[in-house]
Amino acid sequence: MTISTRRQLLASAAIIVFSRAAFGHTILGKLPWRPNEVYPPEPLGSPGWHFFTPGEAATVDAMVDRFIPADELGPGGKQAGCTVFIDRQLSGPYGTYEWLYMKGPFPADPLPSQGLQSPLTPRQQYRLGLAALNAYCRGKYDNRAFAQLDADAQDKLLDGMEKGEVQLPEFSARMLFGTVLANTMEGFFADPIYGGNRDMAGWKLIGFPGTRYDYRDVMQNPNKPYSLPPVGLKGRVSADRSPT
Amino acid sequence: MTQRLPAKDVVVVGLGWTGSILSYELARSGLEVVAIERGPWRDTAADFNITTAPDELRYGIRLEMFLRPAQETVTMRNTPEQRALPIRRFGSFLPPNGVGGAGMHWNGQTWRFLPTDFVIRSHYAQRYGAGFLPEGNQIQDWGVTYDELEPFYDAFEYCAGISGEAGNLQGKIQPGGNPFEGPRSRPYPTPPQLQGYAQQLFAQASAGKGLHPFPRPSANISTAYTNPYGVRMAPCTYCGFCERFGCANYSKASPQTCVLPALVRQPGFEARTECEVLKVNLTPDGKHATGVTYIDTQGQQWEQPADLVLLCAFSFFNVRLLLLSGIGKPYDHAAGEGVVGRNYAYQTGSGSTGYFGEGTHFNPFAASGSLGVAVDDYNSDNFDHGSVGFVGGASITCAYTNGRPIAYRPTLPGTPNWGSAWKRGVKTMYNRAMGVGAQGSVMSYRDNYLDLDPTYKDDYGRPLLRMTFNYQPNEQKMANWMADRCDEIVKAMGAQQTRIGHLGVPWSVVPYQTTHNTGGAVMGTDPKTSALNRYLQSWDVSNVFVMGASAFPQNAGYNPTGTVGALTYWSLNAIREQYLKAPGPLVQI
């Protein structure tokens, strides 16, 4: 069992066999850790898409580049690795909502204050939602997919989805819009170890220094600009650049 | 088939702040103590390592260290007529899982409630008349006074090394502290944390309005400290990864940094993790607990007999265990009778955001979970409520707890949520926005309560807890009045533009608000209106004590942990000095 898998199991109510005790895990007499015992996140893994089809990846590339366009302020969402980030998140535990309460019934008319009440996992939201978006585009824009529209048309469509003015066939436009926008922002600002925020583009945009973990100097010098470059969990370098 | 284990003196359910303190103190007294915790063991060196701890996505967004709703959640509705649905993804509050409990991933804001908070019903009746209290309220005095709790607040603060500036030392008001606080027997164990530029502006502006700013008491400590248990802490580095994270610096007080290293060395102590208690077992007459039944990670059930059962889980889960075990009369909303599940309360959040001019460098990433400058002029009954027409109040604070950018991306009002205009907006305002927030009290009401859900169940087939909660008109009025006070201060600080944040109604599970869930197994003086007596002992089953914020009869305008800690030491003192010498009810009725 790999370390990270072990940690995922430990934190859940999953079934594990321990050799040290007949039941659960017993702590007696001393603290149960060893020096240098750490649990890093899952690595990005092999190059290529782990969840997306090439067509889905092209659609998401186009969306993340409208949400965060490349401009004079810096790289866009695609260049910053947001699509890779989303692909890897969907292929991991986030993609199936395995940590969430997903037992039914799922009534069709929840109160807005009751929050998430859809049985659709993020994987299903992307698979069904991107297909619905492209079906809509092909019907409305001369058989072109979302990625083949010009930037103005893409912006208009996304704006309509955000406002609830666009109805996709058999999928909630608002759900797709909200999920992709939220995941794009996660990818742009998460540690580069997850495949997004490449070259710390997100952190550089706003001046977030990352994981420096010691700002006593800042506290002692109020209202001064912070000049050190950002660092991530792997230091000053970004994660490997798979898969594109 | 359930297998029976050898008996212990004490079984502790949940190994967070309250469970670890009680385990240590009772094991030290020579008792055999077993603590049963459903989540994993967690330790600074392995689990909050500096090479993995500052990871916003993993811990702050995906919530790796919290309870997962797949394990257990609660169902929710705003009013008793509605159908409750499960909280499928935690949002408004984040219940803990694992050793350390919420004391591992808290921000560390460590308050004492005010003397009037403990006698709120009688105090308001005396000052404003009994008719002043809001419709449908079930506000109650606590059955314990500030003066009685003071030595135990002191014990918790010295266990945790809290950093702060005393405002009232043995009745003498101290410069720079909170002049409204109850008298302290001695100063805080460590001096206050450093404050940033926004807090300096807030201190000047609020003092200019005749208010009384002081540094917020912090469990992210300012200097190295060794607590009475011999456990050592290191100074905070203002890394900005406190709430939702474990501290890699041994700077944030937690069971890990303050208790566990001493606790595991106690020969009479044993912890069993990844084991979930299913119920407290009772004798056939229901009047005495014989221990607990728990299930391990292989699905095997075990009976752990014990003379004394201490429920130390997070507030909801104490209440649910009482209901599932048949301890105490469940609250019946329709009849207005019963006590278990009664008086659930929460916290209000409101305030104002200020947007400042070019050349401002607030550096929000340089922060700790509990630095900040606060004023208490509008809390509890520190001001005349006669003219404002509501009960309760709020602590008002200017603070950054972090600048982590997945969640913290301020833009001017009216800025789009995406596109180049958003990019410009967030680049401009990340370093120039700041907030002043009011954390307010929530009173107890007949219509806000907990019971068992009729539909939704956990993996073991047990009903989930059902929450019926909404902000009542009194809380809306109070919180929105406080937002206006915050806005006045932000304007006086020199903001070019402000945005008032009113209380969100109806209460929604979606945006994060606070994990200050209180009540449901409240303490008091009358078994008809409280599940526990003033020593946190069950009225019905005298060898069961229930710790935590579930004992609050209503919530005050502060974070709960300081009072949770004080009540733990208060109850411990009663267990040691009275109960163990003569087991049985500590209060006769």
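Q: How many bridges join strand β1 (residues 25-27) of chain A to strand β11 (residues 269-273) of chain B?
A: Strands (E, at least two residues) and helices (H or I, at least four residues) are DSSP runs, numbered from the N terminus. Two strands pair if DSSP finds at least two bridges between them. In this predicted model, β1 of chain A and β11 of chain B run antiparallel, and the number of bridges joining them is 3.

Q: What pLDDT do local features need here?
A: Residues are numbered from 1 along each chain as its sequence is written, while chains are lettered from A and ligands numbered from 1 in the order in which they are written. Side-chain values use heavy atoms, with hydrogens and water left out; the model is predicted, totals for chains, interfaces and linings use all residues, side-chain atom pairs count only at pLDDT 80 or more, and local features need pLDDT of at least 70.

Q: Which residue of β11 of chain B stands opposite A:Thr26?
A: The pairing between β1 of chain A and β11 of chain B is antiparallel. Within it, the residue of β11(B) opposite A:Thr26 is B:Arg272.

Q: How much area do chain B and chain A bury between them?
A: Contact means heavy atoms within 4.5 Å, and 100 residues of chain B are in contact with 94 residues of chain A. Buried area is the accessible area (1.4 Å probe) that two parts lose on being put together, summed over both. Carbon and sulfur atoms carry 62% of it, and the area buried between the two chains is about 8,300 Å².

Q: Which three residues supply more of the area that chain B buries against chain A than any other three?
A: The area buried between chain B and chain A is about 8,300 Å². Of the area that chain B buries against chain A, 12% is supplied by three residues, namely B:Arg88, B:Trp418 and B:Lys423.

Q: How many salt bridges are there between chain B and chain A?
A: A salt bridge is a side-chain nitrogen of Lys or Arg within 4 Å of a carboxyl oxygen of Asp or Glu. The side chains of A:Glu186 and B:Arg62 form one, at 2.7 Å from N to O. Between chain B and chain A the salt bridges count 4.

Q: Which helix of chain B gives the largest share of the side that touches chain A?
A: Between chain B and chain A, 35 residue pairs are in polar contact, both residues at pLDDT 80 or more. A polar contact is a pair of N or O atoms within 3.5 Å; within protein, one must be able to donate a hydrogen and the other to accept it, and residues adjacent in sequence count only if both atoms are side-chain atoms. The largest share of the side of chain B that touches chain A is 6 residues, from helix α11 (residues 420-429).

Q: How many helices does chain A have?
A: Along the sequence, chain A reads α-β-α-α-α-α-α-α-α. Chain A has 1 strand, and its helices number 8.

Q: Why does B:Asn402 count as buried?
A: B:Asn402 is in the loop between β18 (394-398) and α11 of chain B. Beyond four places in sequence, its contacts are B:Gly240, B:Pro364 and B:Ala367. The side chain of B:Asn402 makes a polar contact of 3.0 Å with that of B:Thr401, and a polar atom of the B:Asn402 side chain lies 2.8 Å from the backbone nitrogen of B:Arg404. B:Asn402 counts as buried because its relative accessible area is 15%.

Q: Which backbone oxygen does the side chain of B:Asn137 reach at 2.6 Å?
A: B:Asn137 lies in the loop between α5 (120-128) and α6 (146-160) of chain B and is buried, at a relative accessible area of 17%. Its side chain is joined to that of B:Arg121 by a polar contact of 2.9 Å. The backbone oxygen that the side chain of B:Asn137 reaches at 2.6 Å belongs to B:Pro134.

Q: Which are the edge strands of the open sheet in chain B?
A: The sheet has 6 strands in the order β8-β17-β18-β19-β16-β22, with antiparallel pairing. Strands that pair on one side only are its edges, here β8 (214-215) and β22 (497-501).

Q: How many residues of strand β16 (residues 348-355) of chain B are buried?
A: β16(B) pairs antiparallel with strand β19 (residues 433-440) over 8 bridges, and with β22(B) over 5 bridges. B:Thr348 has B:Gly440 as its bridge partner in β19(B), while B:Gly351 has B:Gly501 in β22(B). β16(B) is largely enclosed by the rest of the structure, because the buried residues, out of 8, number 6.

Conventions
Buried means under 20% relative accessible area, exposed over 50%, partly exposed in between (1.4 Å probe, protein chains only).
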